[in-house]
Structure formats: C-alpha cells, structure tokens
Amino acid sequence: MKTTRRDFIKISAMGAGGVMLSASPLLAWVPSFLKLKDDRPDDSKAKKYPNFCEVCFWNCAGWVYMDKDNKIRKIIGNDNDPHCNGRFCPRGTGGVGMYYDEDRLKTPLKRITENAKQKFVKISWDEAINIIANNMKEIKNKHGAESIALFHHGSSGKHFVNLFKAYGSKNIAVPAYAQCKAPREEAFKLTFGHALHSPEPLDIRDTKCLVLIGSHLGENMHNGQVQEMAEAIDKDATIITVDPRFSTVASKSKFWLPIKPATDIALLLSWINVIIENEFYDKEYVEKNTFGFDQLKNHVKNFTPEWAYGITTIKPEIIRRTAKEMANASPAVIVHPGRHVTWYGDDTQRLRAVAILNALLGSWGRRGGFFNPEKAKLPKYPIPAFPKPKWTWKDIVPGSYPLASSGVTNMLIHASQPDFHGKNKIKAWFVVGTNLIATIPDIEKTIKAVQNMEFVVAVDTMPAEITGYADIVLPECTYLERYDNIRSAQHREPNIALRVPATEPRWESKPGWWMCKKISEKLGLEKYFDYKDFSEVIDWQLKKIGSSLEEMKKIGVKKIGRKYDDLFFNDNETHEFNTPTGKIELYSTKLEKLGFDAMPKYKKHPEPEDGYYRLIYGRTPAHTFSRTTNNPNLIDLKKENDLWINPKVAKDWNIKNGQKIWLQNHQGKISEFPIKVRVTERIRWDSVFMAHGFGRTDKRLKRGYGAGISDSEMISDVKIDRETGSTGMRSNFVTFLTELQT
Ligand SMILES: Nc1nc2c(c(=O)[nH]1)N[C@H]1C(S)=C(S)[C@@H](COP(=O)(O)OP(=O)(O)OC[C@H]3O[C@@H](n4cnc5c(=O)[nH]c(N)nc54)[C@H](O)[C@@H]3O)O[C@H]1N2
Ligand SMILES: Nc1nc2c(c(=O)[nH]1)N[C@H]1C(S)=C(S)[C@@H](COP(=O)(O)OP(=O)(O)OC[C@H]3O[C@@H](n4cnc5c(=O)[nH]c(N)nc54)[C@H](O)[C@@H]3O)O[C@H]1N2
Ligand code: SF4
Ligand SMILES: [Mo]
C-alpha cells in the first residue's frame, strides 16, 4: 500500500504519540531525477570533460558537455562513480548556472573610502596580490604569522591551507566541522575508534532497518545515500524516522516518531533500555567486542519507555515496537549517525547514544550496517617541510573543548573579538569559499569580529555577504573552469576522480591554486608551489599510481581495487579497536578521564515561552546553503523559503497560508525580510521550520536578495558543545510579527 496524504491526515488526528504508517511493504521511492538518466548528448560527437560537482560536498563525478560553439551545455553523472552512479541531483545539474550567473565576481576588488563613504573599486590581479602579500608580511612582523586565520570550505581551500601552513599559521578552520559533523566524528571515535568522514561508510543498500534521527535524506540530497535508501526500500527495509517534522522521508517510513525537539537523548536511552532489558542486543558481538556493558545496563535501568514518554511525547508502545524492529533486523540495521548534528549543545553525548545503540545491535563492521571503507592513497607532491607555528587555535582558551580535533571556526571568531583579552589574538582573516555571515550562528558576533580585523581577504565566486566585509575580494573561477586536487574519497572500493577545466575562466576570475602560487612568490614561499600549472601536480601523482592525466581525461573516475579484504568483520577473528581499552567503548574511559559523562544522560533544555515556537531548519532539495540561492537555474525550482506552521498555531494567530510575516526571536532580533507562511500538518505545533540558505542581504545578488529569510539571522542563542566546541543552533524561539512597526 502506498502511503498517501490521506493516511497522514488520519494518523495525525490520532495524536502525536508516534505512528506506524503502514504494515505492508512500501512502494519503492526514488526521487524521479535520481531514477532517470536524462537525455544524453551523443558521446561520439560531443566534446566532454571530466569534473566533480562542487555544488555540495558529496562531490559527485560527472561529464561536462560542450555545445558546437564550445560553450558549456550540461553536466551529467559519470556512470562509474560510486558517489552518484551516473545520476546527478537537481543541484548538480543546475551547477552549470554557477558558471553562467551574471552576478558573479568578475575582477579583484579593493575597498576604498571616498567622500567618507566606503566602496569597492576594481583593481588588477598584480595590485591585489601585492596588497595581500604586503599585508601578510606586515602582520607577520607585528603579530606573528599565527595571527592570521584561514576559514575555508570546498576544493579550492586545500591550496590555501598549503599557503597558510607554509606562511606559518595553522589557525585554519572549516564550518563543516564545528557547525556540522564534529560531535558525530568525535563520538564515533570515542566509541569505535574511528570517525565516519564522507561519504559515510553506511551499507544502506543492504540494510534491513534504517533509523533516521533528524537526518532527512531526500531533502538532504546526499546522492549515493538517497539512491541506496531507495534500493533498501525496494527490498522492504523498514525506515524509522524521528523528526518533529513530517519530512519527505517520514512519508516513506514505516514509523514516524514526531518527537518533541531537544529530547532525542531520552528516546535513545529508552531504546537502549528496551534492547538491554529484553536481551534484544547481539550478545556474542557485545561480549566479544565491547567495554562497559554492565555499567551501561545499570545506567539505563530506569530509562523506561514510560519515562521517555513524558519527555519525548512518543508513546511507550511505539518505543518498544521500534526497538523490536531494530533488533529483528540486527545486525543489518543502521541508526544513521546524521551529518549536521550541532543542535542543542549536548551533541557529542547524543551522538554517543547513537553510536552505543549501533554497537548493541552489532551493526559496526557488519553487512547492512557500517562497512569498513578504503581510500586510494595518492603520493604527496614533494614540498619542503612546513614551519612549526608558535601557537594554534588549541591555545586560544587552553584546555577548552578537549575533543576538538580540527579547527573550531567559532573559537577563531572568539579570538577575533575586540573584547577578547587572551594572549593569542587573531588580527586578520582569509576567507575562502565559506560565507561566514550565513554560516556561523550569532551573525552580530561574526560581524563584530570581522570589523575588528586589521585586514580581510575573501575569495569567492559570488558577491556573497562575507565579501562585503573584505578589504580585498578575489574572484575565483568556478569548478567548471579549473583544475583542482584529485578527489580521493573513501568508499567500498577506493576510487579517484578528476576535475579539469571545460573552458577558460570567465571575465578575470582565476583558480585558487593560481592565486596561492602568485601570493607565495611575493612572500618568498614559491618552493611550496613549484609548478607552472596545477595539471603538472595531478599528472605527477597519477603517474606514480600507474595512471596519467591523459588516461583520467578519458575516464574521469578510476576504481582501484581494495588492498584489504575486510569490508566487513570476519566474525571468527578478534578485533582491536582504536580506543583506550581496545574495545568498543559503551562506557567511555576517555570521557571519564576528561571529566565528562562517560555515558550519555538526558538533560532538559529550555523551552519556548507562550507565543514562541522553536525554530528548526534544514535542507531543501534544490539548494545547497547560500551557495545556490542566486543560481539562475535553481532559483527556478525554488525561489524563496517558506515557514512551516501547524494549522492550530496559524488559527491561534489568524495567519493564512501564503501570508507574509516577519519573525522576532526570543532575544529580540527581528528578521530583515518577511517570509511566506505554509500552513501544514507536517510540523508539530511547538515548532516552525524553514530551509537554510535564503534571505540574502547583499544587493549584488539580484535573484537571491530579499527572497525569504535567513535562518541564521534568527539564531543568536548558541549552545556550545563542551566536548568539541560545536555550535548548537536549535535553541532559538521565534514569534510572529504580522506587520512591522516603523
Ligand atoms: N543557520 C544555519 N547555519 C548553518 C547550517 C544550517 O543549516 N543553518 N548548516 C551548517 C553546515 S551543515 C555547513 S556544512 C556549513 C556550510 O557553510 P558554507 O560552506 O559557508 O556554505 P555556503 O553558505 O554555501 O558558503 C559557501 C560559499 O562558497 C562560495 N563558493 C561556491 N563555490 C566556490 C568556489 O568554487 N570557490 C570559492 N572560492 N568559493 C565558492 C559560495 O558563493 C558561498 O559564498 O554551514 C553551517 N551553518
Ligand atoms: N539539498 C541539500 N542537501 C544537502 C545539503 C544542502 O545544502 N542541500 N547540505 C549537505 C550537508 S553539508 C549536510 S551537513 C547535510 C545535513 O543534512 P541532515 O543531517 O539531514 O541535517 P539537517 O538538514 O540539519 O536536518 C534537519 C532535520 O532535523 C529535524 N529536526 C529538527 N530538530 C530536531 C530534533 O530536536 N530532533 C530530531 N530528531 N529532529 C530534529 C528537522 O525537522 C529536519 O528534518 O545535508 C547535506 N545535503
Ligand atoms: S549530491 Fe548533487 S549537488 Fe551534491 S555533489 Fe552530487 S550532484 Fe552535486
Ligand atoms: Mo554540513
């Protein structure tokens, strides 16, 4: 039976205790764009270049086809690529719009003051490079190289990382850590001794039960995972979705648990309770591989489904039934670790609970659970050793966030504040491919920091908000117009993918590697960029592994056989885990040593006052953050975001579907633009939902400016995860303004 909208209405009328949507197998679901291989140019005639997509960090490999005038016509998936299996998502297909966008940055820009007014003027590359190198020299002399921070995201960031390390600063951070997956990576390391990385090593295609906790595959368009989930559904896998919102995937699930936001740890603990008390866990596996089972059993003994019901609003019988579903599928079950997991400031602990549940079900290292990925090892192009910096982000507030294993963006922003009195201060920023204004919660704090800097460079393809705060703006050409490092990502089978330019950069834009090389020459660091063209580095590396640039241009993706035959555990062998006890740690000895909870506990979070609703946010299939919300192709699919409001709330407020309203958060922040209301049963009454990345504030973005609201604008109350320093962003409450008082 197909789950229909009518089913849902019936269900929602039953109340919000958690529902079983359909006992019969669900019809297969694959978003149509992932199912069909679209019309393909005739390969024998068309000119095509290999690339991998930069519209999101799944980096699917594809072919860029040119038309007869040698203009980019389209990009389609590479059949041999395990990230996409020949099918791009709508964002990837629309990526061509990044090249054609007339609002792109076209030349280097310099901020000047004229008649007491600041503005940007066009400058030459020579002038831009000179200004940057001179400032970098001056700052190094005055404050030390460490005082310049690099924020980056995306492929071109890697060149700048080398430049910074050569220059002497390791104050480098990506938002994909402390604003995204840090708690997950550290929690899985604590438990299994391994982080998950990307693409996550989940054997979704063979799973019998997939549990999604605030991870909305299908709107989160991580291509390979969505395809595998569709395959699993085809094979009758059970999907259990825990989400206060009836997401796309909730509608394809056997169970939807519309949890009260911020209470997931209670649900997880009660699942663990049911699984232990009923002896549903994989006994042999747990006995052989885990540490701390008795402590865990004792720890969860009171966390019954009845206890969790009062907290989560999920009915005890549903908690029990879903625990049983997981147990029935074990070990071919995945409690999905999620990706954007920085929610409430106790995120490492929540992800520990997810990891523990997977451990009890025996899914780590088992078919239909987590596989052991392998990655192609590429030789490093020879460069001199980097100098050792005197201090790094770890020394800003010594001892804080002891589990952070990569630069913490918000820590560097903290050390950039005018009122920061620590010894190790940040004095200048280099921002590459990350729109910090849209990305880091508490925009005012980010703006205060950037305004306090002695010098700011922004490298972007678009006039993104962050570029408006820079002294020098450098226009990077898009991924369709440049070489970059070879993609070598983990998977079932190690593989590599190539990016080559399909055409010349438009206007005066240039590749990131070229900028770094030019800056290095002015800084006397040219020995770190010892090549004329980046294609030389790629060819050198490829030849070392028995391929070549020439070969890769013809195939785009190359699979390199696994070195080890250990995709899954051999149950006859004993495994040593990379944890202090050498076992899967249900009880974390490292957390205990650091003074944190060794096993997760539920703590109550603040709740909205009357008339306020929790702001939750997420992805929309046609966009990636703020990087696509001006894209001419994708804006056609979705121009602005809308605010999901439950009908009961809309009635209380007398707000109509389609009406435009402003939001005000619990700290008094009012949105710059209004947002269109979508009245829908698909959201709990205590929360509202919007897609991230909209409500652009830079007028140079002609299509994105003022279209919808930026969720970031409403996220000023940030709950920091004590273990990793990550920014919990879901503790903000909003109320509605139907008109703005002037
Ligand atoms: N409020 C809120 N904040 C969030 C999130 C959220 O859901 N809500 N999500 C978080 C998550 S999970 C993540 S991973 C981060 C992502 O954070 P970011 O990576 O900062 O995401 P974007 O906003 O897309 O910014 C990317 C910038 O790179 C530019 N760009 C695109 N291609 C290129 C290129 O080839 N070269 C260069 N130099 N620039 C390029 C784009 O124009 C854009 O300005 O945001 C986090 N922050
Ligand atoms: N189309 C598209 N796909 C993308 C991206 C994109 O920008 N666009 N970005 C990629 C990146 S970098 C990342 S990190 C991933 C992120 O993708 P996900 O890991 O799936 O994370 P979010 O987008 O934050 O998911 C938000 C979901 O959590 C629910 N939620 C909110 N509060 C709670 C709560 O308290 N409990 C529970 N159980 N659920 C809650 C929301 O209703 C929503 O459905 O997406 C990736 N895929
Ligand atoms: S999932 Fe879509 S946007 Fe992301 S890399 Fe693949 S095709 Fe590009
Ligand atoms: Mo992310």
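Which helix gives the most to the shell around ligand 1? That would be H7, with 4 residues. Before going on, some housekeeping: this is a predicted model, where local features need pLDDT of at least 70 and side-chain atom pairs count only at pLDDT 80 or more, while totals for chains, interfaces and linings use all residues. Residues are numbered from 1 along each chain as its sequence is written, chains are lettered from A and ligands numbered from 1 in the order in which they are written, and side-chain values use heavy atoms, with hydrogens and water left out.

Let's stay with ligand 1. It has 30 residues around it, and His153, Thr439, Asp460, Glu476 and Ser626 are the closest (a residue is near a molecule if one of its heavy atoms lies within 4 Å of it). Helix H7 (175-192), H16 and strand E15 (455-460) each bring at least two residues to this shell; helices here are DSSP runs of H or I with at least four residues, strands are runs of E with at least two, and both are numbered from the N terminus. Domain 1 (1-40 + 103-153 + 379-476 + 511-530) and domain 4 (613-737) both contribute to the shell, so ligand 1 lies between them. The domain bounds come from an automatic or database domain assignment.

By class, the ligand 1 shell has 12 nonpolar, 12 polar and 6 charged residues. Now look at the polar contacts, meaning pairs of N or O atoms within 3.5 Å. Asparagine 435 takes part through its backbone, with a polar atom 3.0 Å from a ligand 1 oxygen. On its own, ligand 1 has 920 Å² of accessible area, and the protein covers 98% of it (areas come from the Shrake-Rupley method with a 1.4 Å probe).

Ligand 2 comes next. Of the 32 residues around it, His216, Asp243, Asp264, Tyr344 and His623 come nearest. This shell takes at least three residues from each of domain 3 (184-372 + 568-594) and domain 4 (613-737), and strand E21 (residues 613-618) has the largest share, 3 residues. The class count is 14 nonpolar, 10 polar and 8 charged. Aspartate 243 has a polar side-chain atom 2.6 Å from an oxygen atom of ligand 2, arginine 245 has one at 2.9 Å, and a polar backbone atom of alanine 262 is 3.0 Å from a ligand oxygen. Taken alone, ligand 2 exposes 920 Å², of which the protein buries 99%.

Points are joined across faces, edges and corners, and a volume is the space filled by probe spheres set on them. The second largest pocket has a volume of about 520 Å³. It is lined by 27 residues, with Ile437, Glu465, Tyr469, Thr697 and Asp698 closest to its centre. Strand E6 (117-122), helix H16 (436-439) and helix H17 (443-451) are the elements that give two or more residues to this lining, which has 7 nonpolar, 9 polar and 11 charged residues.

The structure also holds 6 cavities of 30 Å³ or more. The largest contains about 70 Å³ of space, and its lining includes Cys53, Cys56, Cys60 and Cys89. That lining divides into 8 nonpolar, 2 polar and 1 charged. The second largest cavity holds about 60 Å³, with helix H14 (residues 347-360) giving the largest share of its lining, 3 residues.

Finally, a few backbone details. Most residues other than glycine have a negative phi, and most peptide bonds are trans. Serine 198 and proline 199 are joined by a cis peptide bond, with omega about -10 degrees, and proline 199 sits in the loop between H7 and strand E9 (209-213). The bond from serine 330 to proline 331 is cis too, with omega near 5 degrees. Asparagine 115 has a positive phi, near 50 degrees, in the loop between strand E5 (109-114) and E6.

Technical notes
On a 1 Å grid over the protein atoms alone, a cavity is a set of points where a 1.4 Å probe fits but cannot get out, and a pocket is an open set with protein on both sides within 12 Å along at least five of seven lines; lining residues have an atom within 4 Å of a point. Ala, Val, Leu, Ile, Met, Phe, Trp, Tyr, Cys and Pro count as nonpolar, Asp, Glu, Lys and Arg as charged, and the others, Gly among them, as polar. A polar contact is a pair of N or O atoms within 3.5 Å; within protein, one must be able to donate a hydrogen and the other to accept it, and residues adjacent in sequence count only if both atoms are side-chain atoms.
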